[in-house]
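Trainee: I would like to learn how to read a structure like this one, feature by feature. Could we look at it together and go slowly?

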Amino acid sequence: MSDTLSIIVVEADRDRALQIVESLREAGDFDISVISEPTTLARQIQAIQPDVVLIDMANPSRDMLEEMALASGPHERAVAMFVDRSADGMSAAAIEAGVSAYVVDGMRPDRLKPILDAAIARFRMFQRMRTELAETKRALEERKVIDRAKGMIMKARGVDEDQAYAILRKAAMDQGKRLHDVANALVTAAGLLS
Amino acid sequence: MKAALKVGFIPLVDAAPLIVAQEMGFAAEEGITLDLRRAPSWSALRDMLSFGHVDAAHMLAPVPVATAMGLGGGSAPMAAISVLSMNGNVIGVSRDLADRLRGVGHRFGFDDAREAGQALIAAAPGRLRIGVPFPFSMHAELVYYWLSSLGLPAPQSVDIRTVPPPLMSDALKAGEIDAFCVGEPWGSRSVEEGLGELLLPTRAIWAFAPEKVLAVRDDWARAEPALRDRLIRAVWRAGRWLGDPASRSLTGELLSRPEFLDIPAETLDRALSGDLVISPSGEMRQVPGFVEFFKGAATFPWRSQAEWIGQQLAGRTGLDRGTAIRAAREVFRSDLHREALRATTADLPGASSKIEGALPVPTAVSSKVGKLILEPDSFFDGRVFEPSEF
């Protein structure tokens, strides 16, 4: 048996998969396969027989891996989620970063550390990007609603853009609400009347 | 300052007690806020609970039992402090298999588990492949129980595969499975998409089966008795509200919101009303008590329910039955549930264990107020389960 650990990365997004593979390569010499198709997960894991499986916590296909913990045919190797409740809490850090690791029977935990460290660092970055993207989208959405509300006020009251904004802001302050909420209420209500 | 509890849920109709507890103000009445977090999968939710990312979780009834038996990874010990829902799952088949079922004379009556099961075995194109959401679920246990009782030795001669609920339709489409057992709205979803037909509600296999529980970490239950009691009471009141038929349409609207299930209220209403559309051609079947949140002390975690689950899990994993049953019964905390509801009007049973499957009709039992009527809880094959304390 070769001494190189084999790793499966379950990730549907090609760019993300490449980034994970890259980080793992920097961490050591591993045999890495990427699986993108969730429905064939179990079959491919049987075929490749990896030592470690890395999967995004947000991936619903993760439940399929749980089933393999029970698979105990003569040629099947049990897979179990890596749980480590030691002081450096690798598992807890991994879950916080949004990655879960499954290890196959007979693997020494110390050999997992560099792999998990690399994966955790990468997933933390993904998580930050995900949050940033959500924030940006939300800001953009709010901007759009505020612009529409401004437009309505300008038309209805015959004021310019700055005045319309001032009217909105005053209404928000008087009611103790967020500017976006007031704008949203106006747009929704106007939709009902038109 | 109100205490905020982080509570994880999976987008399913039976997450309703948690969503309603927060949204309809039952949590606020107890001075707590439920910070609801949608989880992508059962394993993720179990780990979020285990590692303290949430304080409480919507959980498949067999998961805390399996954990106590040492199955499925090294999760922290859990306590089931309430039952969130009874029944509520459907068994469905692919369009192809539905045609084969009609070919062997099955009429899709949707009420007879024996007839439907025999037809399924007769119509199977080979080794049956059935999708369930999780290896430790009532879905898996009820399918195993049903098919073995009909003479199909499970798990040996049936292929039970784990398929996450939102992917059940995809798996049917890809031809990965022939049939499935899943919680609503995902069965109705496959009908809606023209990929599946419904064969049976799981209620036809076991008339009053515990489905989801409110799970917390065992150490949390010990460390936070006051919060634990407030949480139990808030969720119990939410269950009572859900048990009132007048709450149904509002429940559908609430659950359909994007941050919760993000599924049209009309689809959700099928499970809530028990009026299920079973085929893409629009055939309907009425299932009274399709999902139950309150009636018949539905929220009460009976020790005997956990023992039944423990026995079934032990049977198919080859673990010792006695050890499994002892471990299982400690997990369903009828004591904590009763303690939390002591000062309320809740009419709880006097006993903590019952013979499961012994009630063919609604039956009055001894209780705190003396007005408790338990719902029929028969198994389709007439067997009964005697808990260990009898």
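Trainee: How many salt bridges does a search of the whole structure find over all chains?

Mentor: Please keep in mind from the start that this is a predicted model. A salt bridge is a side-chain nitrogen of Lys or Arg within 4 Å of a carboxyl oxygen of Asp or Glu, and by that rule the search of the whole structure gives 42 of them over all chains.

Trainee: Which residue forms a salt bridge with Arg329(B), and what does the pair tie together?

Mentor: The partner is Glu307(B), and the closest N and O atoms of the two are 2.6 Å apart. Arg329(B) belongs to helix α15 (residues 321-329) of chain B, whereas Glu307(B) belongs to helix α14 (residues 303-317) of that chain, so the pair ties together parts that are 22 residues apart in sequence.

Trainee: Are Arg329(B) and Glu307(B) buried or exposed?

Mentor: Buried means under 20% relative accessible area. Arg329(B), with 16%, is therefore buried, and Glu307(B), with 0%, is buried as well. Another case is the salt bridge between Asp229(B) and Arg228(B), with the closest N and O atoms 3.5 Å apart, where both residues are buried.

Trainee: Where do Asp335(B) and Arg333(B) fall, given that they form a salt bridge?

Mentor: The closest N and O atoms of Asp335(B) and Arg333(B) are 2.9 Å apart. Asp335(B) counts as partly exposed, because its relative accessibility is 34%, while Arg333(B) counts as buried at 18%. Salt bridges can also share partners, and in chain A this joins Glu135(A), Arg138(A), Glu142(A), Arg178(A) and Asp181(A) into one network.

Trainee: How should I read a record annotation, and which feature does UniProt place at Asp56(A)?

Mentor: An annotation may be inferred rather than shown by experiment, and the careful course is to say where it comes from. The unreviewed UniProt entry places "modified residue: 4-aspartylphosphate" at Asp56(A). In the model, Asp56(A) lies in strand β3 (residues 52-56) of chain A and is buried, with a relative accessible area of 8%.

Trainee: Which residues does Asp56(A) touch, leaving out those up to four places away in sequence?

Mentor: With those left out, Asp56(A) touches Val10(A), Glu11(A), Arg16(A), Gly98(A), Phe123(A) and Arg130(A). With Arg16(A) there is also a polar contact from side chain to side chain, at 3.2 Å.

Trainee: How is the size of an interface given?

Mentor: It is often given as the accessible area lost when the parts come together. For chain B and chain A the buried area is about 2000 Å², and carbon and sulfur atoms give 62% of it. Within chain B, Phe51(B), Thr162(B) and Glu176(B) lose the most area to chain A, together 25% of what that side buries. Counted by residues, 29 of chain B are in contact with 22 of chain A.

Trainee: What joins the two chains at the level of side chains, and how many salt bridges are counted between chain B and chain A?

Mentor: The count is one salt bridge, in which the side chains of Asp47(B) and Arg62(A) meet at 2.3 Å, N to O. There are also four residue pairs in polar contact between the chains. On the side of chain B that touches chain A, α3 (42-50), β7 (158-162) and α14 each supply at least two residues, and the largest share, seven residues, comes from α3(B). By class, that side has 15 nonpolar, nine polar and five charged residues.

Trainee: Why is helix α13 of chain B described as largely enclosed by the rest of the structure?

Mentor: Seven of the nine residues of this helix (residues 265-273) are buried, so the helix is largely enclosed; among the buried residues are Ala265(B), Leu268(B) and Leu272(B). The cover over the buried residues of α13(B) includes α9 (186-192), α12 (248-255) and β11 (275-277) of chain B. After α13(B) comes Gly274(B), whose phi is positive, near 80°.

Trainee: Which helix holds Val20(B), and which residues does Val20(B) touch?

Mentor: Val20(B) lies in helix α1 (residues 16-23) of chain B and counts as buried, at 0% relative accessibility. Not counting residues up to four places away in sequence, Val20(B) touches Gly25(B), Phe26(B), Ala238(B), Trp241(B), Leu242(B) and Leu254(B).

Key. Residues are numbered from 1 along each chain as its sequence is written. Chains are lettered from A and ligands numbered from 1 in the order in which they are written. This is a predicted model: local features need pLDDT of at least 70, side-chain atom pairs count only at pLDDT 80 or more; totals for chains, interfaces and linings use all residues. Side-chain values use heavy atoms; hydrogens and water are left out. Buried means under 20% relative accessible area, exposed over 50%, partly exposed in between (1.4 Å probe, protein chains only). Helices (H or I, at least four residues) and strands (E, at least two) are DSSP runs, numbered from the N terminus. Contact means heavy atoms within 4.5 Å. A polar contact is a pair of N or O atoms within 3.5 Å; within protein, one must be able to donate a hydrogen and the other to accept it, and residues adjacent in sequence count only if both atoms are side-chain atoms. Buried area is the accessible area (1.4 Å probe) that two parts lose on being put together, summed over both. Ala, Val, Leu, Ile, Met, Phe, Trp, Tyr, Cys and Pro count as nonpolar, Asp, Glu, Lys and Arg as charged, and the others, Gly among them, as polar.
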